[in-house]
Each structure stands twice: as structure tokens, then as C-alpha cells.
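Hi everyone, thanks for making the time. Let me put the structure up on the screen, and then I'll walk you through it.

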Amino acid sequence: GRMVHLITTAAGVVTPVGIEHATAAVSGVARAAAVGVGPAGTRQVVLVVELDEGPRSPALASDELTDRIRDVAGVDVAAVLTVPELPVDKRHNSKINRTKISIWAEGILAGGKVGRL
């Protein structure tokens, strides 16, 4: 991954790829993005997931899905959000745009409007 995608938490540096692979293995999850929200050095891990049968608009994941994802993530997960589709890098259609997702998730979790990614 890229250095910009590392999540620097109070407990140390977290890399997103392993968390994303574990989360994508959860039944019902198609793809996942692990991003950090909050101040540098104390960021919280947030999972944003695209579901096999996804919602039509962004939302907080159900308690049941959140619990299943927390069980496999291997790190503390502050929140799980669901989206109809994860944005990808324009140059590489398979690379998830974690920077865009992080900014979006941080806004929502800070009380902002739930808009599309």
C-alpha cells in the first residue's frame, strides 16, 4: 500500500489491506475499505463496506454486521458504514480511493450530512 493509506492510531501504525481482506471474507460483504478518522497519531479505524446486496444510500451498518466485522478485523473498529459502491482511483479501476473515503467518513462521523461518496 501507499504511506498515505497507513492509519496511525494511539496504539501504533495499522495497515489497511489485511483488515480489508478479513472484512471482505465476512458473509454479505463484497468489498471493504479500512480508513482512519480523527487527528493524526490518534486516528480511529473505520470500515466502509460495499455489500453483496447493498443499500441504495450510505448508512451505519447493522449491529449484527458491525459485530461480525469487529470479530475478524484484528484491530479496534470505531464504526462500520455501508455504501452502495466504493469509489476507485480513476487510473486503476480496482484500487479503492481510501483518501476520499476517509474524508467522507470523517465528515459523517463528526455529525455532517450523509451524502454520497
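Predicted model: local features only at pLDDT ≥ 70, side-chain atom pairs only at ≥ 80, totals over all residues.

Confidence in the chain is lowest in strand β1, residues 7–9, with a mean of 86, and highest in helix α2, residues 63–73, at 98. That score is pLDDT, the predictor's confidence in each residue, on a scale from 0 to 100. Over the chain the average is 88, and 93% of the residues score at least 70.

Residues are numbered from 1 along each chain as its sequence is written, and side-chain values use heavy atoms, with hydrogens and water left out. When I say helix or strand, I mean DSSP runs numbered from the N terminus: H or I over at least four residues for helices, E over at least two for strands.

Now the sheet. What is the order of its strands? This is an open sheet of 4 strands, ordered β3-β4-β6-β5, and the pairing is mixed. The edges are β3, residues 29–37, and β5, each of which pairs on one side only. Two strands count as paired here if DSSP finds at least two bridges between them.

Let's go across it. β3 and β4 are antiparallel, with 8 bridges, and V37 sits opposite Q44 in β4. These two strands make a hairpin with 6 residues between them, and G38 in the turn has a positive phi of about 105°. Next along, β4, residues 44–51, runs parallel to β6 and is joined to it by 5 bridges. In that pairing L47 faces V80 of β6, and V48 has L81 as its bridge partner. Finally, β5, residues 59–60, pairs with β6 in the antiparallel sense over 2 bridges, with A59 opposite T82.

Is β6 mostly covered or uncovered? Mostly covered: 5 of the 5 residues in this strand, 79–83, are buried. Buried means under 20% relative accessible area, exposed means over 50%, and partly exposed is in between, using a 1.4 Å probe and protein chains only. A79, L81 and V83 point one way from β6, V80 and T82 point the other way, and all are buried. As for β3, 7 of its 9 residues are buried, so this strand is largely enclosed by the rest of the structure.

L60, in strand β5, is another matter: it counts as exposed because its relative accessibility is 60%. Beyond its neighbours within four places in sequence, L60 contacts V80, L81 and T82, where contact means heavy atoms within 4.5 Å. L60 and V80 are 20 residues apart in sequence, yet their C-alpha atoms are 6.2 Å apart in space.

On to the helices. In α1, the buried residues include P16, I19, E20 and T23. Viewed down the axis of α1, its buried residues fall within an arc of 100°, so they line one face of the helix; that arc is taken from the directions from the helix axis to the C-beta atoms. Those buried residues pack against β2 (12–14), β3, β4, α2 and α3.

Why does S102 count as buried? Because its relative accessibility is 10%. Leaving aside neighbours within four places in sequence, S102 touches V35, G36, V37 and R43.

Last stop, the cores. A nonpolar core is a set of buried Ala, Val, Leu, Ile, Met, Phe, Trp, Tyr and Cys residues joined through side-chain atoms within 4.5 Å. The largest one has 17 residues, and those with the most contacts inside it are I19, V29, L47, V49, L65, I69 and V80. β3, β4 and α2 are the elements that give two or more residues to this core, and β4 supplies the largest share, 4 residues. To pick one member, V29 contacts T23, A24, V49, E50, L51, D52, L65 and I69, again leaving aside neighbours within four places in sequence. There is also a second, separate core of 14 residues, with V35, V37, L86 and A105 among them.

Thanks, everyone. I'm happy to take questions.
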